[in-house]
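Subject: Structure handover

Hi there,

Here is the structure I promised to pass on to you. Please open it alongside this note.

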Amino acid sequence: MQRVSNKLKEAIKIKQSHLCLGIDPPEDCSEEQILAIVEEVKDYCVAYKINLAHFISRFSTEDLEEFIETIKIDDPNSIVILDGKFGDIASTNEYYVKLRKRIDVDSLTLNPYCGLENLQPFLNDEDSLNFLLTRMSQPSS
């Protein structure tokens with residue numbers, strides 16, 4: 001299996017881009033509209049970051065899995081990041097790692113504020129590329 005970091009580097013090289021499409025769909029956006037946007041940018045996009053809350057608040061978890069599978073089939077050179085800012089206690093994080101594998105995403109966004117030792121299950125998952133929250137864009141952060 002190709003390491004996710006190598007897959008991302010290869011996508012950047014092939015597509016000559018660093019574009020990551022954040023998928024945080026507004027209420028009036030259908031799944032078909034989201035897939036149409038993905039289709040429009042796939043020649044330039046190296047990663048798709050799917051916001052878990054935005055997606056599953058309106059669609060089912062089965063829809064999420066089908067959506068991820070569609071992206072992976074349509075754009076196999078890119079990576080898929082599940083944005084949930086995961087970072088609970090270590091035993092719970094072990095289940096988030098299992099979730100990542102079950103729904104077949106390449107990466108997760110992580111929240112380190114419960115302590116770095118709690119992130120160990122993610123760091124032990126060699127098949128994933130983790131993105132840690134370090135600073136938000138809001139002025140008060």
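First, the ground rules. This is a predicted model, so to speak of local features a pLDDT of at least 70 is needed, while side-chain atom pairs count only at pLDDT 80 or more, and totals for chains, interfaces and linings use all residues. Residues are numbered from 1 along each chain as its sequence is written, and side-chain values use heavy atoms, with hydrogens and water left out.

**Overall fold**

The protein has six helices and five strands; these are DSSP runs numbered from the N terminus, with helices being H or I of at least four residues and strands being E of at least two. Starting at the N terminus, the order of elements is α-β-α-β-α-α-β-α-β-α-β.

The C-alpha atoms occupy a box of roughly 40 × 35 × 35 Å along the principal axes.

Of the 141 residues, 40% are buried (buried means under 20% relative accessible area, exposed over 50%, partly exposed in between, with a 1.4 Å probe and protein chains only). The accessible surface is about 8300 Å², and carbon and sulfur atoms account for 52% of that (Shrake-Rupley method, 1.4 Å probe; for residues, only the protein chains shown count as cover). Among contacts between residues at least 6 apart in sequence, 70% join residues at least 24 apart, where contact means heavy atoms within 4.5 Å.

**A strand pair and its crossover**

Strand E1 (residues 19-23) runs parallel to strand E2 (residues 45-51), and the two pair over five bridges; pairing requires at least two DSSP bridges between the strands. Cysteine 20 has alanine 47 in E2 as its bridge partner. Between E1 and E2 the chain passes through helix H2 (residues 31-41), giving a right-handed β-α-β crossover. Right-handed here means that, with the strands pointing away from the viewer, the path from the first strand over the helix to the second runs clockwise.

**Salt bridges**

The whole structure contains eight salt bridges, each defined as a side-chain nitrogen of Lys or Arg within 4 Å of a carboxyl oxygen of Asp or Glu. These may interest you in particular:

- Lysine 49 pairs with aspartate 83, with 3.0 Å between the closest N and O atoms. Lysine 49 is in strand E2 and aspartate 83 in strand E3 (residues 79-86), so the pair ties together parts 34 residues apart in sequence. Lysine 49 is partly exposed at 22% relative accessible area, whereas aspartate 83 is buried at 5%.
- Glutamate 65 pairs with arginine 102, again with the closest N and O atoms 3.0 Å apart. This pair links helix H4 (residues 61-74) to helix H5 (residues 90-103), 37 residues apart. Glutamate 65 is partly exposed at 26%, and arginine 102 is exposed at 52%.
- Arginine 100 pairs with aspartate 125, with 2.7 Å between the closest N and O atoms. Arginine 100 sits in helix H5 and aspartate 125 in the loop between helix H6 (120-123) and strand E5 (129-132), 25 residues apart. Arginine 100 is buried at 5% relative accessibility, and aspartate 125 is buried at 6%.

Best wishes
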